Amino acid sequence: MTGCLWPCVSGTNAKTAGSGGLFRSKPRSPTELVRHMGELLRFLSEHPEPCGGKLDGKCEQKVIRLFMHMEDLSKTIRETKFTLYGNGDAEPNAEACTQLTKEFFKENTLRLIILYLSHMDLETQKDVTQVIANLQRQKVDSRIIASDYLEVNQYLLDTLVCGYDNTDIAIHYSSMLRDCIRHQVAARYVLSSQHMKKFFDYIQFPDFNLASDAFKTFKELLTRHKSTAAEFYTKNYDWFFSEFNSKLLQSSNYIIRRQSIQLLGDILLERLNSSVMVSYVSSKENLIVLMNLLREQSKAIQIEAFRVFKLFTANQNKPREIVSILLTNKTKILRFLKDFTIEKEDRLLESDKEQVSMDILAMEL
């Protein structure tokens, strides 16, 4: 029951609490499902943890009632999932999915789910993330209305990003956040917010799963919507790449260094980021960081670092200080290139090495 703030119940517990009368055997329509879900969520919002979490005779009925509503909510969310995905025996009905999607966003149900996700048991939280993922992709009259909804309710994105501060629900919030930022309007909002600075700390989480999840979201924000990301790099170049170098590329954590140097290559080699790439490879400080990464024992990091390093040598307008550093380390660089091999033959790598060697040999102050 990880992540549940209130007493959570399974189906068995709910039956012992006398909840059998709550459930209906007749399938509910999409409209009924969404409205009932909203009623249950509003009930939870109006009934904080009963009796401060202390169970005694006076509180027993309140606790039982809360258990029954929680179990009903779990059942309703599960039924919603079956409507959207099918139940194994039948495929989802397109008309029902459309109706459910319209009602879900019309009733502002996403807001209630996000606010009260932490009060649900683990299995229900998993069902919720699947429901949200599906609804983010549903079209109504050829429009993805989730995008329109998020444009009006951007504050919900703030809540989802800050979910990383609560380890009990961070994974579920982040999953929903990534589904939301599939929409350019949502990604642009997060990129333009102060939240981007937080990711450099989230990626440093000691919990490997959380850190990896944060990096996954970070990468999605920086690469999915290329034109929006390009605007972000241009407007935030100084602080962003300073943090990227110091906290990611120079991290003591091998996984962070490896993931980050690969991401840097993806960013700089994107055509829309050409002006950002020129700025990056014109910096002496950036060159020093990359040359240190070339010295790593990890072949994987060396390969990704070389992919970026070759951009420095290929720059036709190298600043004098860049040329000076490359010439000072000329012998070491040429020796590195000679010894730099990988197990599987890679003609492109060999061609790039040859080109870099030629560039280095042709340099002069």
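A pocket here is an open set of grid points with protein on both sides within 12 Å along at least five of seven lines, and its lining residues are those with an atom within 4 Å of a point. Keep that in mind as we walk through this predicted model.

Let's start with the largest pocket, which holds about 300 Å³ of space. Its lining is made by I288, M291, N292, L294, R295, Q302, F309, N329, K332, I333, R335 and F336.

Now turn to the second largest pocket, with a volume of about 210 Å³. It is lined by 13 residues, and E79, F82, T83, G86 and N87 are the closest to its centre. Helix α3 (residues 60-85) provides the largest share of this lining, with 3 residues. Sorted by type, the lining of the second largest pocket has 6 nonpolar, 4 polar and 3 charged residues.

Finally, let's move to the surface. Here F208, Y254 and I255 together make a nonpolar patch of about 280 Å². F208 belongs to helix α12 (residues 208-223). Is F208 buried or exposed? With a relative accessible area of 54%, F208 counts as exposed, because the cut-off for that word is over 50%.

Note on methods. Residues numbered from 1 in each chain as written. Predicted model: local features only at pLDDT ≥ 70, side-chain atom pairs only at ≥ 80, totals over all residues. Heavy atoms only, no water. 1 Å grid on protein atoms, 1.4 Å probe; cavity = no way out; pocket = protein on both sides within 12 Å on 5 of 7 lines; lining within 4 Å. Points joined across faces, edges and corners; volume = space filled by probe spheres on them. Helix = DSSP H or I, 4+ residues; strand = E, 2+ residues; numbered from the N terminus. Nonpolar A, V, L, I, M, F, W, Y, C, P; charged D, E, K, R; others polar. Patch = residues over 30% accessible without salt bridge, like charges linked within 9 Å, V, L, I, M, F, W, Y side chains within 5 Å. Areas by Shrake-Rupley, 256 points an atom, 1.4 Å probe, with all protein chains shown as cover. Salt bridge = Lys/Arg side-chain N within 4 Å of Asp/Glu carboxyl O. Buried < 20%, exposed > 50% of the residue type's maximum accessible area, 1.4 Å probe, protein only.
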